[in-house]
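Thanks for coming, everyone. I'll keep this short. Please look at the screen.

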Amino acid sequence: MSLATRTAGALGRGAMRGVVCAALLLFGAASVRAQGAGVEGKWWKRPRIAAALNLSTDQVDQLEKIFARAKPRLIDLRADLQKKQFAYEQAMSGAQEADRKTVEGLIEAREAARAALQKELALMELDMKQVLNPDQRERLARMRENARLLAQERRRRMRDAPPSDDDLLDAAPTPAKPRSN
């Protein structure tokens with residue numbers, strides 16, 4: 001039996017839906033922050049985007065080479081950021097009172113790691129934009145803006161929509177019935 005099947009059985013349909021939605025939101029938010037809204041990842045490999053931009057095979061190859069060149073550095077920078085974030089969280093969640101100077105240093109290290117990652121992503125994006133012609137750059141910018149607006153609207157709807165009674169009932173643990181002897 002798979003972990004997902006066991007988890008679904010243990011949590012119930014509504015709670016599982018909530019867990020999956022929360023995980024997708026967290027993953028989506030991290031991806032959007034790290035790579036730009038909506039049109040992210042290997043967007044040049046997505047058939048509809050490549051067709052809408054009218055990318056040539058040469059352009060796709062160039063974009064892939066830029067990504068391959070940047071990927072090892074991005075992996076290292078993301079790992080460094082995660083380590084710095086973990087160190088900060090450990091200092092803040094410890095049972096004893098956190099030393100202000102120590103935590104301040106951890107915050108500065110974390111933000112420097114975040115800035116280094118953002119810089120590398122921006123430089124990769126700049127290199128990729130230089131592969132595109134002006135019309136393709138404009139279309140890609142519009143796609144990203146549309147994706148950003150759609151994501152913003154989805155977040156607003158999720159925030160504003162009250163949970164349905166079914167969601168509440170499915171997510172709530174069922175009270176144990178008293179035994180009759």
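Start with tryptophan 44: is it buried or exposed? Keep that in mind for a second. A caution comes before the reply: this is a predicted model.

Now the reply. Tryptophan 44 counts as buried, because its relative accessibility is 2% and the cut-off for buried is under 20%. This residue sits in the loop between α2 and α3.

What does tryptophan 44 touch, leaving out residues up to four places away in sequence? The list is Ala50, Leu55, Val60, Leu63, Glu64, Phe67 and Met128. Take two of those partners. Valine 60 is 16 residues away along the chain, and its C-alpha lies 6.2 Å from that of tryptophan 44. With glutamate 64, the link is polar: the two side chains make a contact of 3.0 Å.

Next, helix α6. It runs over residues 134–160, which is 27 residues. From first C-alpha to last, α6 reaches 39 Å, close to the 39 Å expected at 1.5 Å a residue. At its start, look at asparagine 133. A side-chain oxygen of that residue comes to within 3.0 Å of the backbone nitrogen of aspartate 135.

Which residues of α6 are buried? They are Gln136, Leu140, Met143, Arg144 and Ala147. Look at the spacing in those numbers. An α-helix has 3.6 residues a turn, so residues three or four places apart point the same way. And what do the buried residues of α6 pack against? Three helices: α3 (47–53), α4 (57–93) and α5 (100–129).

Why does glutamine 136 count as buried? Because its relative accessibility is 2%, and anything under 20% qualifies. Its side chain has a polar partner, too. A polar atom there lies 2.9 Å from the backbone oxygen of leucine 53. Apart from residues up to four places away in sequence, glutamine 136 touches Leu53, Asn54, Leu55 and Gln59. Leu55 is also among the contacts of tryptophan 44.

Last, confidence. The protein averages a pLDDT of 80, and 70% of the residues score at least 70. Where is confidence lowest, and where is it highest? Lowest is helix α2, residues 13–35, with a mean of 40; highest is α5, at 97. Over residues 1–37 the pLDDT is below 50. In the model, that stretch has 31 contacts beyond near neighbours in sequence.

That's it from me.

Conventions
Residues are numbered from 1 along each chain as its sequence is written. Side-chain values use heavy atoms; hydrogens and water are left out. Helices (H or I, at least four residues) and strands (E, at least two) are DSSP runs, numbered from the N terminus. The expected span of a helix is 1.5 Å times one less than its number of residues. Buried means under 20% relative accessible area, exposed over 50%, partly exposed in between (1.4 Å probe, protein chains only). Contact means heavy atoms within 4.5 Å. A polar contact is a pair of N or O atoms within 3.5 Å; within protein, one must be able to donate a hydrogen and the other to accept it, and residues adjacent in sequence count only if both atoms are side-chain atoms. pLDDT is the predictor's confidence in each residue, from 0 to 100.
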